[in-house]
Amino acid sequence: MPEAQFDDRSLFSASVQGVPDFWRELPGILWSFDSGRPDPATFPIDDMTRLNEFVLRTQTDGALQYGDGYDEMMYGFPGLRDQLAERSQGDDGRDIDRTAVLLTSGAVQAISLALKAFVDPGDVIAVEAPTWGAVISTARGRGADVVAIPMDGEGLQVDLLEQELDRLDRQQRRFKLLYVIAAFNTPTGVSLSLERRHRLLDMAARRRFVVLEDNTYRDLRYDGPALPTLFGLDESGLVVQVGSFSKTMAPALRLGWATGHPDVIAALTGVRTDLGVSQWVARVMSEFLREGLFDAHLQSIRSFYRTKLTMTEAALHAHCDPWVSWVTPEGGFFLWVELDPRIDGKLVMRNALARGVLVRAGERFFGDPNHGRQQFRVSFGKLPIGGIQSGISRLGEAMTESRR
Ligand SMILES: Cc1ncc(COP(=O)(O)O)c(C=O)c1O
């Protein structure tokens, strides 16, 4: 039988776009400093195998069915929601219960649900520049206009946001939501300063917009004291915080969450069209927490990634000086590298690829191809420790070869 062909693209809705080039499999990549994936060496395989068996044998029906009733199905396994609420009491200093917690398929679904719950076509949202590009495309897919507010060494420039909101007011545009990666921004690693956190929350309360706080990397702090979260500082009910077990446990769990005012969490739940996250996976994770394994695991992976960060910086100094500069991040997986103007940024990417090295081009974080050409993101998350030095040395060669 001949292979079936689909050749009528006019059947697709306007939402369907081509797969961007950067998602395609790149041949010959030997050193990937590209994605925000965790190092497989950190996966707690033995405990997860043991707890998986325990859950399947002792909670068979609960684990392998849809959740029992609307709340359990749509909000997710109550035991894990209780535990996340309890952790929020410690991490955010908030006295919340499970009604303030929704389990999602990764932080990415929590973000999509928040955009769906708050943003109509024609509304305006703001992001930091640079930021995680996926959010820009999701918001644009909902018909929102996205304005990018520059960051500096203290994070989002709150004054510039205020100016932008004044401008939108004059145009009678409805501003709905700010997406902010307040802890270790992707890609810069910069965190929003405490003083700006307060000012931002004052502004949100005064002007009535939602603050979507992405806390995905928060548990991966290697240095410096943890700052109070926006969700913890907020008194207006306008902050929705999203979190994830992807970076600390494993992305394939597809387990994230949103925390916020119970009415807001109910709205997010109301716009979800799946039938909730896996009860099975949520129960395995819940047992991991119940046995007290998660905090010990965090401690061990923090020290592991701190070592990788140090090694990556040493390799950049050894092989890429004097062409690069960056600010050491206090956490997360990324170094945001600025290239000397004497080096052609585009050419470096090409020459690095020819040597089997992939870093992520700066343009990807601005939603605008005219920005970030002399910058790129180096992730020290997934690449094995043994590959850091050799990969960066090839990157250094690619730079020397890319002088203008
Ligand atoms: C800032 C940020 N938020 C969210 C995510 C997605 O996390 P999850 O796997 O929980 O959907 C990523 C992944 O790269 C990220 O960088």
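Reply:

Ser325 has Glu338 in strand S11 as its bridge partner. Before going on: this is a predicted model, where local features need pLDDT of at least 70 and side-chain atom pairs count only at pLDDT 80 or more, while totals for chains, interfaces and linings use all residues. Numbering runs from 1 along each chain as its sequence is written, and side-chain values use heavy atoms, with hydrogens and water left out.

Two bridges join strand S10 to S11 (residues 334–339), and the two run antiparallel; two strands pair if DSSP finds at least two bridges between them. Helices (H or I, at least four residues) and strands (E, at least two) are DSSP runs, numbered from the N terminus. Zooming out, S10 and S11 belong to an open sheet of four strands, ordered S10-S11-S14-S13 with antiparallel pairing. S10 (324–325) and S13 (360–361) are the edge strands, each pairing on one side only. Helix H12 (residues 293–320) packs on this sheet, touching S10, S11 and strand S14 (375–379), where contact means heavy atoms within 4.5 Å. The direction of H12 makes about 15° with that of S11; axes are lines fitted to C-alpha atoms, for helices over the stretch in contact, and angles run from 0 to 180 degrees between N-to-C directions.

Now the other sheet. It's open too, with eight strands in the order S2-S9-S8-S7-S6-S3-S4-S5 and mixed pairing. Strands S2 (101–104) and S5 (155–156) stand at the edges with a single partner strand each, so one side of each has no neighbour in the sheet. Further in, four bridges join S7 (residues 210–214) to S8 (residues 239–244), and these run parallel. Asp214 sits opposite Val242 in S8. Helix H10 (residues 262–270) packs on this sheet, touching S2, S8 and strand S9 (256–259), and its direction makes about 25° with that of S2.

H10 also meets another helix. Its axis and that of H5 (residues 106–118) come within 8 Å and cross at roughly 95°. That makes H5 roughly perpendicular to H10 (under 35 degrees counts as roughly parallel, over 145 as roughly antiparallel, 65 to 115 as roughly perpendicular, the rest as oblique). From H5, Ala110, Leu113, Ala114, Ala117 and Phe118 meet Val264, Ala267 and Leu268 of H10. The residues of this contact divide into eight nonpolar, no polar and no charged (nonpolar: Ala, Val, Leu, Ile, Met, Phe, Trp, Tyr, Cys and Pro; charged: Asp, Glu, Lys and Arg; polar: the others, Gly among them).
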